[in-house]
Amino acid sequence: MSQTQRDDLPAEIDFSKGTRGKFFHPGTRLNLPVYLDDQVQSRLAALANAKGVDFSTLVNDLLRKDIELIEMTQ
């Protein structure tokens, strides 16, 4: 680490006993949250309920169909 980078850190932060990669797990997959507009979420929830399927299942099915359509037009 260069002197310039060390000067950017407050004095109370000490990484001298840190372990690089301690919490890194290769192959770990994150499920990122997706935030829907209120109206879209309400409509999709109603559709899922009417079809008797899980909300996530309905959304994934719709997205798969959209991906297929997008790939067909490329």
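## Close-up views of a predicted model

View 1. Everything shown here comes from a predicted model. Helix H2 itself covers residues 38-51 and has 14 residues.

**View 2. Helices H2 and H3 cross at roughly 105°.** A handy way to describe two packed helices is to give the angle between their axes and the distance between the axes. Here the axes of H2 and H3 (residues 55-72) come within 9 Å. Angles of 65 to 115 degrees count as roughly perpendicular, and H2 and H3 are therefore roughly perpendicular to each other. On the H2 side, the contact is made by Gln41, Leu44, Ala45, Leu47, Ala48 and Lys51. Facing them from H3 are Phe55, Leu58, Val59 and Leu62. Sorted by type, the residues of this contact are 8 nonpolar, 1 polar and 1 charged.

**View 3. The largest pocket has a volume of about 310 Å³.** How do we find such a place? Rolling a probe the size of a water molecule over the atoms shows where empty space is left. Residues that line the largest pocket include Val34, Leu36, Gln41 and Leu44. Also in the lining are Phe55, Ser56, Val59, Asn60, Leu62, Leu63 and Asp66. The elements giving two or more residues to this lining are H2 and H3.

**View 4. Which helix gives the most to the lining of the largest pocket?** That is H3, with 7 residues. Taken by type, the lining residues divide into 7 nonpolar, 3 polar and 1 charged.

Technical notes:
Residues numbered from 1 in each chain as written. Predicted model: local features only at pLDDT ≥ 70, side-chain atom pairs only at ≥ 80, totals over all residues. Heavy atoms only, no water. Helix = DSSP H or I, 4+ residues; strand = E, 2+ residues; numbered from the N terminus. Expected span 1.5 Å × (residues − 1). Axes fitted to C-alpha atoms, helices over the stretch in contact; angles between N-to-C directions. Parallel < 35°, antiparallel > 145°, perpendicular 65-115°, else oblique. Contact = heavy atoms within 4.5 Å. Nonpolar A, V, L, I, M, F, W, Y, C, P; charged D, E, K, R; others polar. 1 Å grid on protein atoms, 1.4 Å probe; cavity = no way out; pocket = protein on both sides within 12 Å on 5 of 7 lines; lining within 4 Å. Points joined across faces, edges and corners; volume = space filled by probe spheres on them.
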